Amino acid sequence: MASLSSVNLLAFLACATILNHGTAKHRNATVLVLGGGISGIAAAKTLSDLGIKDFIILEGTDRIGGRMRKMTFHNTTIELGANWIQGVKGNPIETLALKCGLQGKLENRSFVIRNESGFKTTEKGKMSLLKHDEDIIDKMQITRRKLKYEDISARVGLRIANWLPSNPEEMATEYFEYDFEYAVPPKYVSLRTKIAVNGTIHSVGGEQLFVTDSRGYVHIVNCLAGMFLEPRDSRLQLNTKVKEVKWNTNGVYVTSDNGDVYTADYALVTFSIGVLKSGLIQFTPELPNWKLEAIFKLNMVIYTKIFVKFPSKFWDDEEYILYASKRRGYYSMMQNLEADSRLPKGTNILLITVTGEESIRLEYQTNEQTKQEIMEVLRSMYGTSIPDPIDIYYPRWGLDKFFFGSWANLPIGISSDDYVKLQKPVGHVFFSGEATDELYNGYVHGGYLTGVNQAEKIAHCIQTGSCDN
C-alpha cells in the first residue's frame, strides 16, 4: 500500500474540517513522522533504509534534535539538554557517535563535598555505605520481581537496606546518586528503575561519556539525518506545528497550526509525554482510554542546567562539587567543566544542576534572582572574595511548549503492560520516544531504539499489507 487509495482519501477528507487559508498546502505521503528529535530522525532513517522513501517529517521548531540542544555561551558550546552517552559499550548512540566523530570525555565521577561553612566534609557523605546499600536493594528487587511482589519506591528500598540520611552531607550524596540521575527524590523513583538501569546499556562497563564536541550532542542527529536527507530536502518540514491528528483504520490526516494539511497511510508520533498530556495537540477521535491511561501515568521531570561564567576559576578540581545544605537540593550539584580537560583551562564556566521542585521554582524567577542565590551559596563555600560572575544562563524546559519538561519519569507501580500500551498503535498511528521504552526511558538511546523499532513495524505493515501489532 503505497498511499491512501482515492476512495479512502476522499472519504477521509469528507469527514475532516478543511481550513481554507488560501495559501495552505496539502501534501500526501506514505508515512508522516511527527517530531524531529532523535526518535523521529532514527525512524525516518530506518524507513529509508528499508526502501520506504515516501515520508514527511514534521518538526515544530526551526531545527532537528529535540531535547538535544546546544548554544554558544561566551564562545563555548554548552549543552542545554542531553549531555551524556550512558554506557559506552553496546550503546547504539556510542556507535553512532564514533561514526559521526562526536567528541567527549569519559567521566571518573570524582567528587568533593563542602558544607555551608566551606569546609571539606566529603567523608561525612558516606558514599561507600550508600553504594553498599544500593547493592542490597538491587538483590532485593530481583527477589521481589521473581515473587511478583508489589513495586516499591527507592526510598522504601533504601530504608530497608538501612540507608537513611541523617546529615546534610548524606543528603548531598543521596542527591548525587538519585536526584541528579532521575531528577526526583528517591520517594518518587520506582525500584524497577534500578533494575532497568543495572541490567541495560546504561551500566555496561560502568562508564559514561560527557559530550564536549563544539558541534554539540545534536551533531549526531544532524549526522544521522545527513545519511538519508538531501540539503533542503522537502521531506523535512521545519517550523510546522501539528495542531490536530485525525485518524481511522484507513490512514491519518494531520493539520498544522497554519492550516497546512498532510495525509498519509501511517503516522509515527514522537512527541514528549508532556506534549501528549498538554492538550495542545488534538486527536480526532480522542485516543482510547487504555492509551490515555498509559500516557497519564507518566510525568515529565524537570532537570535544569545553570551555566555561570566567571572571570577566573576558584572552585575545586574534582569533577563534581557537592554543597551540603540543610535545604535538600538547594544548588547541591556543581560540575567543574575543566576537570579531565573536558573544556579548555580558562573556560571558567561552573555548571550547577537543580531538579524537581527547585527547577520549577527557578523557572518562574529571573536569572538575576537565581544568580544572587547562587553567589550566596558559593561565597559561603569559597569565601566572600570570589569574583562576581560575568553571565548566567539556564533553559526553562518545563515552560517550553514543545516539551513541557526534560524527560518522562518512571512512576512507582507502572507495569510492563503499560509500556506495551504506550507503544501500541491506535489505528494507523504509532508511538515512539524515550518515554515509551520500558528499559531505557529517559535516555537518548531509548528514544533512538523506539524510533527504529516502530519504523520497522510500520515498514512491515506497508510491505505485507497487514499489521499484526
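## Leu-164 and its loop

Leu-164 sits in the loop between α5 (154-160) and α6 (168-177). Helices here are DSSP runs of H or I with at least four residues, strands are runs of E with at least two, and both are numbered from the N terminus. Leu-164 touches Arg-159 and Glu-170, leaving aside residues up to four places away in sequence. Contact means heavy atoms within 4.5 Å.

## Basis of the model

This is a predicted model: local features need pLDDT of at least 70, side-chain atom pairs count only at pLDDT 80 or more, and totals for chains, interfaces and linings use all residues. Residues are numbered from 1 along each chain as its sequence is written, and side-chain values use heavy atoms, without hydrogens or water.

## Helix α2

In α2, 11 of its 12 residues are buried (under 20% relative accessible area with a 1.4 Å probe, protein chains only; exposed is over 50%, partly exposed in between). Those buried residues pack against β1 (26-34), β2 (55-58), α9 (219-226), β12 (261-269) and α15 (444-464). After α2 comes Gly-51, with a positive phi near 90 degrees.

Ser-48 belongs to α2 (residues 38-49). Ser-48 counts as buried because its relative accessibility is 7%. Beyond residues up to four places away in sequence, Ser-48 touches Lys-53, Phe-55 and Phe-228.

Strands β3 (residues 70-73) and β4 (residues 76-79) run antiparallel, joined by four bridges. Two strands pair if DSSP finds at least two bridges between them. Phe-73 faces Thr-76 in β4. Two residues lie between the strands, and His-74 has a positive phi near 50 degrees.
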